[in-house]
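Here are my notes on the model, as numbered points.

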Amino acid sequence: MQKSLRKIALVAGAATAAIGLTAGTASAVPSTVWTVTPTPANFTATNSGNIVLSVNGVPMTCTTSGASGTMQSATGNPATVANINAINFGASGSPCTSVLGNVVTVAVVPWTVVAADYNAATGVTTGHVGNVDANVTVGACKFRVTGKASGTYTNATGALAVNSVSGDLTVVSATNCGAAVPVGAKPTFKGTYLVKQTGTNVIPKIVGSNP
């Protein structure tokens, strides 16, 4: 009986070691050198489809949004490969809307584009938009959202697809919002921006490697 138990323990230990080795190997794979082309350079980004901030189940939709900033190669994991120095939501004659009324959002910049993983087969970088900070007004309700927004960047199309999950962002202050937008709420931010080098049709490329 004791021999059987020892054999079971040895098998379990070997399996655990194998799993640990596999996990360790996988964790060493993510890129640490990020080559951005062109670099350094300015970029502009325009929404493709609606941009939606959902708070407590209430969608706040923008049909117009744009951003601009700078991009550059970087080293590290994660690493900042771009700074968003300006971002607007809505425009004159095309405001952002919700069931609570028109929505005015003022971003506190800079925001960042942070790279964490790269798939060479698809040319897709996974990461997030970081340092997100925005003041939102809907009627008499005013609130502030901070945090990050998970997303991907695709080299072939220049699409920066923001697809945050609950917990990425938090409502850190709210005035005259009642139960509609409580402090501590976890909004989601979703939408796609098409990125180009400023003044050109050049789509920037982000390539991660681990030399």
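1. A disulfide here is a pair of cysteine sulfur atoms within 2.5 Å. Cys141 and Cys177 meet this rule, with their sulfur atoms 1.9 Å apart. The two cysteines come from distant parts of the chain, 36 residues apart: Cys141 is in strand β11 (residues 141-154), and Cys177 is in the loop between β13 (169-175) and β14 (188-197). Strands (E, at least two residues) are DSSP runs, numbered from the N terminus.

2. On the source of the values: this is a predicted model, in which local features need pLDDT of at least 70 and side-chain atom pairs count only at pLDDT 80 or more, while totals for chains, interfaces and linings use all residues. Residues are numbered from 1 along each chain as its sequence is written, and side-chain values use heavy atoms, with hydrogens and water left out.

3. Which hand does the link of Cys141 and Cys177 have? The torsion about its S-S bond is about 95°, so this disulfide is right-handed. Both Cys141 and Cys177 are buried, where buried means under 20% relative accessible area, exposed means over 50%, and partly exposed lies in between (1.4 Å probe, protein chains only).

4. Another disulfide joins Cys62 to Cys96, with an S to S distance of 2.0 Å. This pair also links distant parts of the chain, with Cys62 in strand β4 (residues 58-62) and Cys96, 34 residues away, in the loop between β7 (79-89) and β8 (103-107). The link of Cys62 and Cys96 is right-handed, with 110° about the S-S bond. Cys62 and Cys96 are both buried.

5. The count by this rule is two disulfides. With bonded cysteines counted along the chain, the pattern is 1-2, 3-4.

6. Strand β1 (residues 33-37) pairs with β15 in the antiparallel sense, over five bridges; two strands pair if DSSP finds at least two bridges between them. Thr37 has Lys205 of β15 as its bridge partner.

7. What lies on each face of β15 (residues 205-209)? Ile206 and Gly208 form the covered face, whereas Lys205, Val207 and Ser209 form the uncovered one. In a regular strand the side chains alternate between the two faces of the sheet.

8. Thr170 belongs to strand β13. Is Thr170 buried or exposed? Thr170 has a relative accessible area of 19%, so Thr170 is buried. Apart from neighbours within four places in sequence, Thr170 is in contact (heavy atoms within 4.5 Å) with Arg144, Val145, Thr146, Gly184, Ala185, Lys186 and Pro187.

Conventions. Helix = DSSP H or I, 4+ residues; strand = E, 2+ residues; numbered from the N terminus.
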